[in-house]
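This report looks at the pockets of a protein and at the surroundings of its ligand. The sequence and the structure are shown first.

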Amino acid sequence: MTKVKINGNGSLLVPDCVTIPFITGDGVGVEITPAMRRVVDEAVRKCYGGKWRIDWLEVLAGQKAYDMSGVYLPEATMAAFREYHIGIKGPLTTPVGGGIRSLNVALRQDLDLYVCQRPVRWFRGIASPVLRPDWVNMVIFRENTEDIYAGIEWEAGSAEAHKFFNFLQQEMGVDKIRFPETSSFGVKPVSKEGSERLIVAACRYALEHGLPSVTLVHKGNIMKFTEGGFKRWGYEVAQKEFAQEISSGRLVINDCIADAFLQNALLRPKDYSVVATLNLNGDYISDMLAAQVGGIGIAPGANINYHTGNAIFEATHGTAPDIAGKNKANPCSIILSAVMMLEYLGWNEAAGCVVNAIETIFDRKMATVDLARFMENGMALGTKEFADELVRIIDGVSV
Ligand code: NAI
């Protein structure tokens, strides 16, 4: 077992053989995760000829964990992610029932993975609802720990909601709640530190990848202190940390109100490169952009803490119970998430090799059924056969 080491500044020291804990996931996870491992192993073998390699370590979560140990998220799994810093996961069923946190939210919160990073790009051959999907090429930095996702809310009619309303009315002088007896309440915490660390990570990413701008997307015209604060703190911290890059024009910081952004991202997506935004906006924006380039089956994601180096890469879709076990699932979301992981490790050749194979397979009009059915003369492959073909393409590449 060989671990990535994290230096004080969050940079990584990666051994030649790196242990990567992985969660297979529920539903289609059983099909897409092995497909991802085969493709990644082949790319790493092809590029580094055995000098560098991944030692996969399965850790349990979700239904499989529950069936084997009686808990959905065993402490051993959390411990492995803490110890090895970098991992990858398939989708997990959120257990139904009061008091059970979403497993994904639990992982993000426990490891304080404050950046939800979602690159969105189009692959030639993939059907899209927009005329120019090739204009979509953005990386979304969604704040992952604050906002109304903090889970502070009270149901209408509960004693807590009543108490909270009384506090607002009596202590805070709030008189604008129209139907207090039937109102539920939620709290939206947005902090300076939380906003700053997300925005600094977005700026660093833009600079390291030669991307021209970071757009702060917010609804500060309405929520002046939370979303407006995000924008103000964003400009301030960018100016403080990256003054030289901004004055030389290497980095442009701008902002856009969320509703205008949703319109602009459809009409002139070329205007945007790196996008930094709050949790709820980021949730909507990531899925809308994913739909422009082929949908959730192909949209990768990562949850990262750039200070501790901890990162979990993940398929962004759910367990797809309607197609689970049918060899129909598209493994591209988790494969492209693994590409992000390889890039994070600095194994850029292997990452590029997988991306090239995906470009090639789509050029040959081969895809899983969710994408093939919209391609002219598309050939639908099963999950396993799609991975087989990617492995064949990678094997045939001269490096
Ligand atoms: P879902 O993403 O599982 O499915 C929505 C639709 O997209 C379905 O028609 C499904 O067949 C299709 N789809 C999803 N992934 C696909 C793939 N790889 N290839 C082809 N088609 C695909 O969302 P749903 O049905 O709302 O949730 C099912 C379960 O997944 C729930 O328990 C939910 O809590 C969980 N979930 C887990 C997530 C995670 O672990 N990150 C994220 C979203 C949902």
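In this predicted model, the largest pocket has a volume of about 1,200 Å³. Its lining is made up of 44 residues, of which Gln117, Tyr205, His209, Tyr306 and Glu343 lie nearest its centre. Among the elements that give two or more residues to this lining are strand S6 (115-121), helix H6 (192-208) and helix H11 (332-345). By class, the lining of the largest pocket divides into 26 nonpolar, 13 polar and 5 charged residues.

The second largest pocket, with a volume of about 470 Å³, is lined by 24 residues, and Asn104, Arg108, Arg142, Asp283 and Glu314 are the closest to its centre. Helix H4 (103-110), S6, helix H10 (279-292) and strand S14 (311-315) each give two or more residues to that lining, with the largest share, 4 residues, coming from H4. Here the lining residues comprise 7 nonpolar, 10 polar and 7 charged.

| Residue and its N or O atom | Ligand atom | Distance |
|---|---|---|
| Thr319, backbone | oxygen | 3.0 Å |
| Asp322, side chain | oxygen | 2.8 Å |
| Asn330, backbone | nitrogen | 2.9 Å |

Of the 810 Å² of accessible area that the ligand has on its own, the protein covers 66%.

Definitions and conventions
Residues numbered from 1 in each chain as written. Predicted model: local features only at pLDDT ≥ 70, side-chain atom pairs only at ≥ 80, totals over all residues. Heavy atoms only, no water. Polar contact = N/O pair within 3.5 Å; in protein donor to acceptor, adjacent residues only side chain to side chain. Areas by Shrake-Rupley, 256 points an atom, 1.4 Å probe, with all protein chains shown as cover. 1 Å grid on protein atoms, 1.4 Å probe; cavity = no way out; pocket = protein on both sides within 12 Å on 5 of 7 lines; lining within 4 Å. Points joined across faces, edges and corners; volume = space filled by probe spheres on them. Nonpolar A, V, L, I, M, F, W, Y, C, P; charged D, E, K, R; others polar.
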